[in-house]
Amino acid sequence: PQGIGSPSVYHAVIVIFLEFFAWGLLTAPTLVVLHETFPKHTFLMNGLIQGVKGLLSFLSAPLIGALSDVWGRKSFLLLTVFFTCAPIPLMKISPWWYFAVISVSGVFAVTFSVVFAYVADITQEHERSMAYGLVSATFAASLVTSPAIGAYLGRAYGDSLVVVLATAIALLDICFILVAVPESLPEKMRPASWGAPISWEQADPFASLKKVGQDSIVLLICITVFLSYLPEAGQYSSFFLYLRQIMGFSSESVAAFIAVLGILSIIAQTIVLSLLMRSIGNKNTILLGLGFQILQLAWYGFGSEPWMMWAAGAVAAMSSITFPAVSALVSRTADADQQGVVQGMITGIRGLCNGLGPALYGFIFYIFHVELNELPMPESSSGGSVVAQYHLQQNSIIPGPPFLFGACSVLLALLVALFIPEHTNLNVRSSNWKKHCGSHGHPHSPQAPGEAKEPLLQDTNV
C-alpha cells in the first residue's frame with residue numbers, strides 16, 4: 001500500500017496537528033478581516049458564517065463516514081483537509097470569497113470524523129482511549145501554540161506573511177497525506193460493490209435524533225447536552241471576536257488567553273476530572289461542571305473589564321469537565337450493545353448545536369445592538385502596543401447579552417440533570433439500528449451518525 005510504514009496513530013496525529021496549526025495561525029488576522037469586511041453587523045455575519053458551516057458539517061458527516069467505509073480513509077482524509085484549508089489563501093486575495101468558501105467548506109469540514117475512523121481501523125478496543133486522547137491532545141496543543149505565533153508574526157512582519165505560512169503548512173499537510181499516510185482500511189474489509197453498501201439510513205444525520213424520545217433517561221441526558229452545549233458552541237464562534245473588538249484585547253492578549261485557557265482545560269479534563277469522578281461521583285461531577293459553566297457565562301455577560309474576562313476564563317476551564325463526565329455516565333450505564341445508539345444520539349445533538357449556536361449568538365448580538373463603534377487603532381511606529389479603546393453604550397447594563405442567555409440555558413440544563421439517576425440501565429429500542437449497522441461496515445468502524453466527532457464517545461471503556 002502507498003505510504004510510509006504501516007498505518008499508525010501517529011499518521012493521524014500529524015494530519016490533525018498540521019491542519020489546526022495552520023488555522024490557529026490565522027486567529028488574529030481573521031478577526032481583523034472579519035470586521036473590515038463586515039463593518040456593520042459584524043457579530044451577526046460571523047454567526048451566520050459559522051452557523052452555515054456547522055449545519056453543513058452536521059448534515060454531511062454521516063455520509064462522508066459511510067463513503068469512507070467503501071472507498072477507504074486516505075482519499076477522504078485528502079478531500080476533507082483540502083477543502084477545509086482551501087479558504088486560507090483567499091484571505092488576502094478576496095475576503096468576501098474567503099468567508100463564502102468557509103461557509104461552503106462545512107460540507108467537507110469533518111476531518112475529525114475520518115481521523116477517528118482511521119484510528120478505529122488500526123487499534124483494538126482497549127487501545128482506543130489512549131489513541132483518541134493522543135489525537136485530542138494534539139488538537140489542543142496546536143491551538144495552544146499557533147495563535148500566539150500568528151499574532152507575533154503578524155505584528156512583526158504583517159498578516160500577509162502569516163497567510164502565506166498558513167497556506168504552506170496546509171499544503172504540507174496535503175503532501176503528507178499523499179506521500180506518507182498509508183490506507184488503514186484493507187481491501188478485504190471493504191464491500192465488494194460500490195453501489196450496494198451505502199445505506200441512506202446510515203447516512204441520515206437525523207437518524208440518531210429520532211430515537212431520543214424512546215427512553216426517559218436518554219431524553220434527560222440529551223436535553224442536558226443540548227441546553228449546555230448550545231451556548232458553548234455559540235461562544236466558541238464569537239468570543240475571541242468579542243474580546244478583540246468589544247473588550248479591547250490586543251492580538252497578543254487574545255493569543256495568550258487561548259493558550260492559558262487551553263492549558264487549564266487540559267489540566268481540568270485530566271487530573272481534576274479524575275479526582276472528582278472518584279471523590280464525588282459521576283452525576284455530581286456533571287452538576288459541578290454545569291455550575292461552573294453558569295458562573296462563567298454570567299461573568300462573561302456582565303463583565304466590562306479585561307480582568308473579568310481572564311477570571312471567567314479560568315472558570316471556563318473547569319466547566320470543560322461537563323461533557324467528558326456525561327460521556328462516562330453514558331458508557332457506564334448503557335448496555336454493551338447499546339453504546340453506539342446512545343452515543344450517536346449525543347454526538348448528533350452536539351453536531352446540531354454546532355450549527356445552531358453560532359447563528360443564535362450572532363442574532364442575539366444583532367437584536368441587542370451590540371456592534372463595533374470604531375475601527376482598531378493602528379499600532380505605534382515604535383512597535384509598542386496601542387490598546388484600541390472601544391466604548392460600549394453608557395446605559396448598557398449587560399455588555400454581552402448572548403452570554404447571559406447562555407447562562408439561563410445552562411441553568412435549565414442543570415435543573416434537568418438533577419433528575420438523571422446516578423446508576424441506571426439505558427434501554428433504547430435499537431434492533432433496527434443494530435441490524436442496519438451490522439450489515440455494513442467492519443468491526444473497527446464507528447457506525448453511528450456523528451459518532452466519530454468526539455473521541456470520548458467512541459470508547460466503551462471510558
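Helices (H or I, at least four residues) and strands (E, at least two) are DSSP runs, numbered from the N terminus. The model is a predicted one, in which local features need pLDDT of at least 70 and side-chain atom pairs count only at pLDDT 80 or more, while totals for chains, interfaces and linings use all residues. Residues are numbered from 1 along each chain as its sequence is written, and side-chain values use heavy atoms, with hydrogens and water left out.

The expected span of a helix is 1.5 Å times one less than its number of residues. For the 14 residues of helix 13 this gives 20 Å, which agrees with the 20 Å between its end C-alpha atoms.

Overall, the protein contains 17 helices and zero strands. Of its 462 residues, 56% count as buried. The exposed surface comes to about 19300 Å², with 68% supplied by carbon and sulfur atoms; such areas come from the Shrake-Rupley method with a 1.4 Å probe, and for residues only the protein chains shown count as cover. A contact is a case of heavy atoms within 4.5 Å. Among contacts between residues at least 6 apart in sequence, 85% join residues at least 24 apart.

A nonpolar core is a set of buried Ala, Val, Leu, Ile, Met, Phe, Trp, Tyr and Cys residues joined through side-chain atoms within 4.5 Å. The largest one here has 108 residues, and those with the most contacts inside it are Val135, Ile221, Tyr242 and Met309. Helix 10 (residues 216-245) gives the most to this core, with 13 residues. Since domain 1 (1-183) and domain 2 (208-370 + 399-420) both give residues to the core, it lies between them; the domain bounds come from an automatic or database domain assignment. Leaving out residues up to four places away in sequence, Val135 touches Val9, Val13, Ile16, Phe112, Val115, Phe116 and Val119.

Charged side chains also pair up. A salt bridge is a side-chain nitrogen of Lys or Arg within 4 Å of a carboxyl oxygen of Asp or Glu, and by this rule there are two. In one, Arg73 and Asp121 meet at 2.6 Å, N to O. This pair links distant parts of the chain, as Arg73 sits in helix 4 (residues 73-85) and Asp121 in helix 7 (residues 111-122), 48 residues apart. Both Arg73 and Asp121 are buried. Glu252 forms a salt bridge with Arg155, with the closest N and O atoms 3.2 Å apart. Glu252 is in helix 11 (residues 251-279) and Arg155 in helix 8 (residues 128-157), so the pair ties together parts 97 residues apart in sequence. Glu252 is partly exposed at 26% relative accessible area, and Arg155 is partly exposed at 29%.

Two serines complete the picture. Ser103 is in helix 6 (residues 95-104) and is buried, at 12% relative accessible area. Apart from neighbours within four places in sequence, Ser103 is in contact with Ile49, Val52, Lys53 and Leu56. Ser105 lies in the loop between helix 6 and helix 7 and is buried at 5%. Ser105 touches Lys53, Phe83 and Pro87, again not counting residues up to four places away.

Definitions and conventions
Buried means under 20% relative accessible area, exposed over 50%, partly exposed in between (1.4 Å probe, protein chains only).
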